[in-house]
Amino acid sequence: MDRWGALALASSLLAQTDGTQEGARLLTAPQRDAVRPRTAPATADVSADGRYIAFASYAALVPADTGDRADIYVLDRQTGAVTLESFGADGRLLPGDTGHPRLSGDGRYVVFDTAVIADAEGTPTLQVFLRDRVAGTTRLLSAAPDGRVPNGRSGDPAISADGTAVVFSSSATDLVTGRDENGPGLDVYLYEVGTEKLRRISVDSRGLQRSQGSSYAPSVSGTGQYVAFVSTADLPDSHDTLRVSPPSIAPKPFGHIYVRDVRAGTTARITEPGPGIPANGGSWAPAISADGRHVAFASVADNLVLRDRNRAADVFVHDRQAATTTLVSRSARRGSANGASINPAISADGRVVAFQSDGSDLICAGRCRPGDEDINLLFDVYVYDRQAASMRRLSGSRSGGWLEESGGAATSADGNVIVFTSRHPIDRKDAGNDFDLYVAVAAGQQEIRR
Amino acid sequence: MLLAGVSVIAVVSGVPAFAQSHAVRVRDEQTIAHADPDRTSAGILRPYTPSEPAAPATLEIPGNLTVSDVHRPLLESMLRASPTFRRQCARVAAARELSVSIRNSHQPVAPSARARTVFTAGASNRLVAVVELIATADIIELVAHEIEHIIEQLDGIDLHAHAAQATSGVRHCEGGAFETTRAIRAGRAVAEEVRRGGR
């Protein structure tokens with residue numbers, strides 16, 4: 001079944017109905033983000049059932065938002081209420097831009113990053129916070145053992161669906177006790193919400209950290225057992241020796257995707273066309289399924305699948321159980337798309353992958369119906385159902401794709417609610433050419449109650 | 001066949017078993033409800049309704065678009081009749097770092113082309129776009145076509161990268177220029193809207 005097929009039609013029907021008809025729907029909320037880089041990760045996230053949506057917005061959506069900075073809001077699709085959540089531990093609105101919100105599966109917890117001032121010179125550094133929306137409390141997660149703000153920048157947070165584990169990257173060298181072998185190089189850390197324990201997990205299967213390279217952009221499975229991340233360090237458990245050249249002659253390292261099994265204490269590289277054979281290009285932006293089996297990622301490597309000839313970034317899914325890697329961002333002709341595809345999000349079971357692509361042949365190639373054409377030369381948001389082998393563009397309407405840029409998708413656990421941002425006007429009055437939030441709800445899903 | 005117009009960029013700058021673990025129960029909404037009305041609002045999420053492009057507050061030619069007295073009435077009529085051209089002008093007007101001038105050319109502006117836009121980078125990240133047109137019957141289409149090339153640059157589109165891909169909607173032209181399906185469609189859309197508006 002193709003859940004997303006009726007999106008464009010339903011979008012136009014919404015103007016005439018109360019939204020109760022069957023069919024995919026598109027909803028909007030203001031973010032007024034004029035500065036979001038086009039390759040930036042998602043500025044919104046969805047709870048497991050699609051009910052709650054966390055997003056960063058420069059718009060003042062509630063009376064308490066008195067600043068002009070980006071704040072974190074959580075929207076409840078069931079009640080229609082939006083709440084401001086970017087408060088510090090002292091209960092006051094955080095003064096800087098807050099971003100990168102990620103929700104626990106039940107919507108209780110939201111993690112985000114924001115700049116805080118810790119030193120006497122007043123230098124702001126990005127740090128990671130956890131907001132408990134039930135208790136109404138916020139705590140700094142990227143803290144040194146004595147509770148201080150650490151000596152480096154922390155960001156890229158993600159939280160497990162069950163809310164027990166938060167992962168993030170940091171350049172700080174004092175987050176955990178002991179020597180930080182790579183100094184100010186980025187490492188990935190895991191915070192256990194229950195025990196408040198923080199540990200570095202960008203290590204090899206012997207638990208050793210490399211002195212070279214950086215690790216970042218973590219994604220965590222449903223219970224926190226598996227963490228996928230990017231690393232330019234050489235972490236494969238099959239290698240015992242480091243292959244480090246003198247810096248002056250070493251080629252610029254590129255990132256591979258690794259998966260750390262936190263419980264078993266193992267780390268494995270998944271960007272390999274064959275056992276022990278590394279990908280021949282950089283990979284980044286991993287998104288791991290709830291059970292840890294599937295990992296979606298972007299890569300410019302052209303040896304991960306056969307006939308990858310576009311010389312551009314593609315989105316792949318690696319099945320850790322079957323040890324296979326498949327191309328997701330495929331052309332309607334079945335080969336690689338004629339553009340770059342990045343920033344995947346994956347459903348809990350690995351079936352649905354949402355991503356952005358500036359390719360123009362993902363829906364149709366050659367002679368296209370007017371509504372299927374893609375002429376904007378910019379990123380659009382697509383959803384690919386791996387089981388049905390169907391590709392749909394979400395950033396469009398019945399008359400065709402939008403002319404404006406879209407990206408930064410996130411998905412609910414079942415892949416039926418996908419959020420993304422777009423510069424497309426949210427209504428006739430929107431002439432800002434800034435990014436706003438779009439919520440795509442697949443056919444048959446719950447509509448807002450007003 | 002002559003090209004409608006082209007864009008010339010002179011300066012552009014080991015796995016264990018997998019237990020399912022995503023069955024997360026949604027908590028009762030009361031547990032996450034916020035009592036403070038200052039921190040809560042409603043009616044933020046709205047159905048998306050496809051609509052015509054937002055019209056600018058005034059139907060004036062953008063201040064950063066310099067046109068001759070010959071072209072001014074033409075552009076004003078385009079603004080009145082074409083939502084697509086209004087969208088284009090809104091983008092141009094909002095780009096403070098951009099200066100556009102439109103002028104006639106009395107000789108071919110490029111091999112096989114009736115119009116072209118040459119971009120140069122000025123001081124302080126200023127982008128200067130000079131549109132040169134040969135006066136023809138389809139000048140409305142040409143103007144809108146070239147303005148869309150300017151918006152492509154505002155959008156940061158890497159024409160080189162797209163032109164390297166098959167059927168991407170960008171192709172190389174003579175003299176290091178590019179042609180795009182996007183600009184062709186925009187030009188035709190404005191021409192059609194003006195034609196319908198003139199009836």
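Colleague: How many helices and strands does the secondary structure of chain B comprise?

Modeller: Residues are numbered from 1 along each chain as its sequence is written, while chains are lettered from A and ligands numbered from 1 in the order in which they are written. This is a predicted model, in which local features need pLDDT of at least 70 and side-chain atom pairs count only at pLDDT 80 or more, whereas totals for chains, interfaces and linings use all residues. Helices (H or I, at least four residues) and strands (E, at least two) are DSSP runs, numbered from the N terminus. For chain B they come to 6 helices and 9 strands.

Colleague: Which residues of chain B have a pLDDT that stays under 50?

Modeller: pLDDT is the predictor's confidence in each residue, from 0 to 100. Chain B averages 81, and 75% of the residues score at least 70. There is a stretch where pLDDT stays under 50, although the model has 47 contacts (C-beta atoms, placed from the backbone, within 7 Å) for it beyond four places in sequence. That stretch is residues 10–30.

Colleague: How far apart are the end C-alpha atoms of helix H6 of chain B?

Modeller: H6(B) holds 17 residues, 181–197. The expected span is 1.5 Å times one less than the number of residues. This comes to 24 Å, which agrees with the separation of the end C-alpha atoms in the model, 24 Å.

Colleague: At what angle do H2(B) and H6(B) pack?

Modeller: Ser77(B), Met78(B) and Ala81(B) of H2(B) meet Val190(B), Glu193(B), Val194(B) and Gly197(B) of H6(B). The helices are therefore roughly perpendicular, a class that covers 65 to 115 degrees (under 35 is roughly parallel, over 145 roughly antiparallel, the rest oblique). Between axes fitted to C-alpha atoms over the stretch in contact, on a scale from 0 to 180 degrees between N-to-C directions, the angle is about 80°.

Colleague: Is Ser422(A) buried or exposed?

Modeller: Ser422(A) lies in strand S29 (residues 417–422) of chain A. Its contacts beyond four places in sequence include Trp402(A), Glu405(A) and Phe435(A). Because Ser422(A) has 27 C-beta neighbours inside 10 Å, it counts as buried.

Colleague: Which residue in S19(A) stands opposite Trp284(A)?

Modeller: In strand S18 (residues 283–288) of chain A, 6 of the 6 residues are buried, so the strand is largely enclosed by the rest of the structure. S18(A) is joined to S19(A) (residues 294–299) by 4 bridges, and the two run antiparallel. Their hairpin has 5 residues between the strands, and Gly292(A) takes a positive phi near 80°. Opposite Trp284(A) stands Ala298(A).

Colleague: What is the bridge partner of Ala81(A) in S2(B)?

Modeller: An open sheet of 5 strands runs in the order S2(A)-S3(A)-S4(A)-S5(A)-S2(B), with antiparallel pairing; two strands pair if DSSP finds at least two bridges between them. The edge strands are S2(A) and S2(B), each pairing on one side only. Strand S5 (residues 81–84) of chain A is joined to S2(B) by 3 bridges. In S2(B), the partner of Ala81(A) is Ala42(B).

Key:
Contact = placed C-beta atoms within 7 Å. Buried ≥ 20, exposed ≤ 12 C-beta atoms within 10 Å, placed from the backbone.
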